Amino acid sequence: MFNKIRKKGHRKASKSDGAETPIPTNNAAPNPDVTVNHASRTAGAPSQLLSLDCLGHGSGVVEVLPLLKEIPLSERHALFIRKLQICCASFDFSDTLKNAREKEIKRQTLNELIELVQSGSSKMNEIMQEGLVKMISINVFRCLPPAMHENTGSESGDPDEDEMFTDPSWPHLQLVYELLLRYVVSPDMDTKIAKRYLDHSFVLKLLDLFDSEDAREREYLKTILHRIYGKFMVHRPFIRKAINDVFYRFLFETERHSGICELLEILGSIINGFALPMKEEHKLFLVRALIPLHKAKCVASYHQQLSYCITQFVEKDYRLADIVIRGLLKYWPVTNCGKEVLFLGELEDVLEATQSEEFRRCMVPLFRQVARSINSSHFQV
């Protein structure tokens with residue numbers, strides 16, 4: 001009986017081996033957990049990419065591989081997948097000496113992938129793009145470290161001090177973000193394929209990262225999200241709504257968020273491109289999200305970008321001037337003189353784009369507030 005079982009096991013193994021295409025050795029030991037089919041995307045192919053999140057932690061995975069440009073085209077697909085596996089490995093970057101060799105191999109691999117995507121010398125098929133986006137997701141979508149105020153227990157922090165935070169893993173993360181940016185802006189990228197992986201879930205996770213205290217990460221996120229908005233028209237309504245939700249959560253729940261300034265910079269460009277007549281959706285966004293942002297205590301940290309967005313609305317549609325001015329008066333500060341100076345500057349910009357008809361509608365409450373400001377004991381006001 002034992003011999004029969006052993007023979008059946010041998011027959012099953014030979015059948016499986018015949019259905020799979022082995023990964024070329026290329027001076028490195030093959031990974032038995034990964035199979036690649038070069039002819040078509042069979043049922044076995046997706047499983048290789050879906051297992052990327054569990055690769056890169058075992059011994060022998062982070063290895064030196066030949067350059068993609070040094071091997072035949074027929075073998076590049078399999079080697080590309082193996083390089084993605086290397087880039088899925090995670091390390092402790094707070095200790096510079098720990099896994100130094102593996103970190104350097106991963107850094108060189110990421111640089112090679114950036115060069116490959118940027119040059120467009122090797123067009124990626126759908127399986128390769130799926131693996132690339134999954135690798136990027138594994139690296140950048142993570143739990144952010146506690147904010148400065150959470151560590152100190154203070155209620156209000158100095159924005160200048162918060163900007164000093166630097167993520168120890170940034171030199172590594174920067175390469176991953178650069179790879180994502182090059183992929184998004186690549187002229188060879190087929191948006192019909194890419195939108196399957198740069199989907200709504202991906203966009204929401206990107207928006208979550210805007211709360212990072214590292215300004216360098218937020219700058220990359222701002223550029224990447226703006227490029228995604230410009231390239232994927234199908235995602236535009238969802239991105240606007242998702243940003244709207246971030247503002248709601250900031251206003252009515254946390255009153256803390258590191259990326260409001262960067263999100264407003266993206267919106268400034270988006271609002272500038274709105275077509276006329278303006279959609280009701282955009283007017284509601286102005287009334288329900290942008291104008292209420294004036295009431296936050298930390299409005300000074302993003303007021304310049306907020307003022308630009310508000311002014312863009314009035315310049316696009318002069319009929320919104322009355323709504324904007326009354327909104328400013330509604331949230332006008334009573335005891336915060338520094339905030340009042342900001343409001344006066346924004347009011348001046350709005351009035352420059354206001355026509356006489358709209359001005360007459362709001363001039364009574366406006367001049368009442370100006371009179372109160374004139375009587376202020378603060379010299380700047």
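**Close-up views of a predicted model**

View 1. Glutamate 255 is partly exposed, its relative accessible area being 36%.

View 2. A disulfide is a covalent bond that joins the sulfur atoms of two cysteines, and a search through the whole structure finds 0 of them. For cysteine 88, the closest cysteine sulfur is that of cysteine 87, and because the two sulfurs are 7.3 Å apart, they are too far from each other for a bond; the cut-off for a disulfide is a distance within 2.5 Å. Cysteine 261 is in no disulfide either, since the nearest cysteine sulfur, which belongs to cysteine 309, is 9.9 Å away. Cysteine 88 is buried, with a relative accessible area of 2%, and cysteine 261 is also buried, with a value of 17%.

**View 3. The aromatic pair of phenylalanine 141 and phenylalanine 202.** Across the whole structure, a search finds 11 aromatic pairs. In one of them, the rings of phenylalanine 141 and phenylalanine 202 are arranged edge-to-face, with 5.1 Å from centre to centre and 70° between the planes. Phenylalanine 141 lies in the loop between α5 (126-140) and α6 (148-152), while phenylalanine 202 belongs to helix α10 (residues 200-209), so the pair ties together parts of the chain that are 61 residues apart in sequence. Both of these phenylalanines are buried.

**View 4. The aromatic pair of tryptophan 332 and phenylalanine 343.** Here the ring centres are 5.6 Å apart and the planes stand at 80°, so the pair formed by tryptophan 332 and phenylalanine 343 is edge-to-face. Because tryptophan 332 is in the loop between α16 (321-330) and α17 (337-352), and phenylalanine 343 is in helix α17, the pair ties together parts that are 11 residues apart in sequence. Tryptophan 332 counts as buried at 9% relative accessibility, and phenylalanine 343 is buried with a relative accessible area of 0%.

**View 5. An aromatic cluster, and a charge over a ring.** Trp170, Tyr177 and Tyr220 together form one aromatic cluster. In another detail, the charged end of lysine 103 sits over the ring of phenylalanine 93, at 5.0 Å from the centre of that ring.

**View 6. The largest nonpolar core and tyrosine 302.** In soluble globular proteins, nonpolar side chains tend to be buried together. The largest nonpolar core of this model has 100 residues, and those with the most contacts inside it are Met135, Phe247, Leu264, Leu267, Leu290 and Tyr302. Helix α8 (residues 170-185) gives the most to this core, contributing 10 residues. When residues up to four places away in sequence are not counted, tyrosine 302 touches Phe250, Ile260, Cys261, Leu264, Leu293 and Ala296.

How values were computed: Residues are numbered from 1 along each chain as its sequence is written. Side-chain values use heavy atoms; hydrogens and water are left out. Buried means under 20% relative accessible area, exposed over 50%, partly exposed in between (1.4 Å probe, protein chains only). Rings of Phe, Tyr and Trp (its six-membered ring) pair if their centres lie within 6.5 Å; planes under 30 degrees apart count as stacked, over 60 as edge-to-face and the rest as tilted. Helices (H or I, at least four residues) and strands (E, at least two) are DSSP runs, numbered from the N terminus. A charge sits over a ring if NZ of Lys or CZ of Arg is within 6 Å of the ring centre and within 35 degrees of the ring normal. A nonpolar core is a set of buried Ala, Val, Leu, Ile, Met, Phe, Trp, Tyr and Cys residues joined through side-chain atoms within 4.5 Å. Contact means heavy atoms within 4.5 Å.
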